[in-house]
Amino acid sequence: MVETFLSNPDFIKWAFFAGKILLLFGLAFGVVAPVMIWVERRVAGLIQDRYGPNRVGPFGLLQSLADGIKLLLKEDLRPTEIRPVFYLLAPILSVIPAAMAFAVIPFGPPTTLGGLLPTPMRLQIAELNVGLVYVLAISSLSVYAIALAGWASNNKFSVLGSLRASAQMISYELAAGLAIVSVILLSGSVDLMAIAQSQTEMWNIFPGFLAFLVFLPAIFAETNRTPFDLPEAEAELVVGYHTEYSGIKFGLFFLAEYVNMATVSALCILFFFGGWEFLPWLSWEKIGVDLNTFWFIPTIWFFTKIAAFLFFFVWVRWTLPRFRYDQLMSIGWKTLIPIALLNILITTTYLVFEKAS
Amino acid sequence: MFLSEYLGVAVLLILGLLAGCGAVAAAWLFGAKRYYPNKTSAYECGIPSEGAENERFSVRFYLVAVSFILFDIETIFLVPWALGFRGFLDNGHGLYIWTVGLVFLAVLTLGLVYEWRKGLLDWNT
């Protein structure tokens with residue numbers, strides 16, 4: 001009786017679906033965000049020749065947990081001048097796009113989980129054939145949370161910070177969008193799974209290096225990270241759009257930022273670094289890995305690449321100084337967008353002549 | 001099932017909503033509430049807040065938003081073009097799709113050059 005129920009194809013399908021959601025949601029909010037906050041502070045310490053958090057748990061690993069509990073127990077402070085509903089809505093709105101964006105991230109080739117599933121299924125929560133457009137749309141929603149946070153706080157620093165953040169995020173979104181157009185040209189699909197699979201022979205980073213050069217600063221600006229963290233420029237704006245936020249409401253903004261970082265890292269790897277492929281010219285099949293039995297190897301490799309990319313985020317943050325605002329806008333509009341346009345011209349010309357020759 | 005591939009998106013939307021609302025509700029539940037005027041006033045470095053209702057900001061933010069709309073729509077138009085590019089190449093219409101796309105790109109670039117010359121992109125004046 002139990003056996004027939006467990007081997008029921010419908011049950012297996014739903015269990016697989018639930019498992020994927022639990023794995024990714026738990027990983028993003030329960031592991032990546034807390035661990036990355038710890039890594040950020042620890043690496044910052046080491047780069048600046050001090051210790052960083054090393055007291056709570058082994059190597060201070062539980063620091064984020066302690067901080068989370070502390071933030072939950074902090075006074076629920078509501079300044080008198082705020083617009084109450086929107087003030088509460090903004091942190092929630094920042095978490096929702098962060099949670100939705102990774103729905104279309106594929107984290108491995110279609111697999112039967114070593115024979116557990118009757119047919120190969122995708123390691124992806126939502127199998128959308130327009131995954132790339134979806135992820136662009138959802139990630140641009142996060143600008144609403146920031147704009148709302150600044151406006152609802154009714155504080156000059158917050159308003160300025162959120163204005164800066166909105167202008168910056170939409171400007172760099174253009175550059176990112178144009179860089180992605182050449183990824184679509186190279187891979188010929190907007191399905192993220194197909195984009196990853198189109199790179200088994202050669203990663204997109206080689207024909208699309210210029211696109212990567214545009215995409216990289218754009219995702220740093222999109223996630224409001226140094227050297228583009230103008231919205232939070234603490235030397236001029238206190239902390240920008242979340243000046244009036246404290247406790248867990250402030251924590252939610254940070255949680256969303258770190259989850260977004262992981263999502264854009266995954267996107268960057270899917271677009272330019274071959275997703276879960278082993279090395280630029282070497283796929284797992286070529287070196288003789290049996291993906292039916294060892295289906296988890298590409299997935300682990302994909303997460304390792306994401307971890308490396310996240311480390312790069314932290315490394316850049318504690319190495320580079322912040323841009324001035326006029327520099328930021330002129331890099332976005334006068335450098336990245338022209339390069340991205342030029343890159344589309346180069347990529348299409350390359351494709352046409354590659355076909356003709 | 002209709003739109004069934006979007007089920008995962010819906011589940012994540014609900015999970016995100018629950019996480020966000022849950023955290024805010026928990027803060028309200030567990031947090032202390034000892035308010036007094038100095039604590040709940042706006043944080044402006046100890047100076048009483050003035051004129052918060054009519055904030056004025058640089059018109060450039062607005063202009064950037066307007067030109068973003070234009071360029072973003074143009075970028076979205078490029079996506080189906082890029083998606084169909086290989087198909088046209090394989091059918092031997094590569095030169096046609098290339099020229100069409102480049103005319104569109106040229107118009108886009110012209111718009112950017114116009115904005116640039118008008119000084120819309122200069123922030124330090």
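I began with the contact between the chains, which takes 64 residues from chain A and 59 residues from chain B; two residues are in contact if their C-beta atoms, placed from the backbone, lie within 7 Å. On the chain A side, α12(A) gives the most, with 14 residues. By class I noted 42 nonpolar, 10 polar and 12 charged residues on that side of chain A. Nonpolar covers Ala, Val, Leu, Ile, Met, Phe, Trp, Tyr, Cys and Pro, charged covers Asp, Glu, Lys and Arg, and the others, Gly among them, are polar.

The model is predicted: local features need pLDDT of at least 70, side-chain atom pairs count only at pLDDT 80 or more, and totals for chains, interfaces and linings use all residues. Residues are numbered from 1 along each chain as its sequence is written, and chains are lettered from A in the order in which they are written.

Next I looked up α3(B), residues 59-90; helices are DSSP runs (H or I, at least four residues), numbered from the N terminus. α3(B) bends by about 35° at B:Gly84, the bend being the angle between axes fitted to the seven residues ending there and the seven starting there. Buried residues in α3(B) include B:Phe71, B:Leu78 and B:Phe85 (20 or more other C-beta atoms within 10 Å of the residue's own, C-beta atoms being placed from the backbone). Their cover includes α6 and α12 of chain A and α4 of chain B. After α3(B) comes B:Gly92, with a positive phi near 80°.

Definitions and conventions. Helices (H or I, at least four residues) and strands (E, at least two) are DSSP runs, numbered from the N terminus. The expected span of a helix is 1.5 Å times one less than its number of residues. A residue is buried if 20 or more other C-beta atoms lie within 10 Å of its own, exposed if 12 or fewer, and partly exposed in between; C-beta atoms are placed from the backbone.
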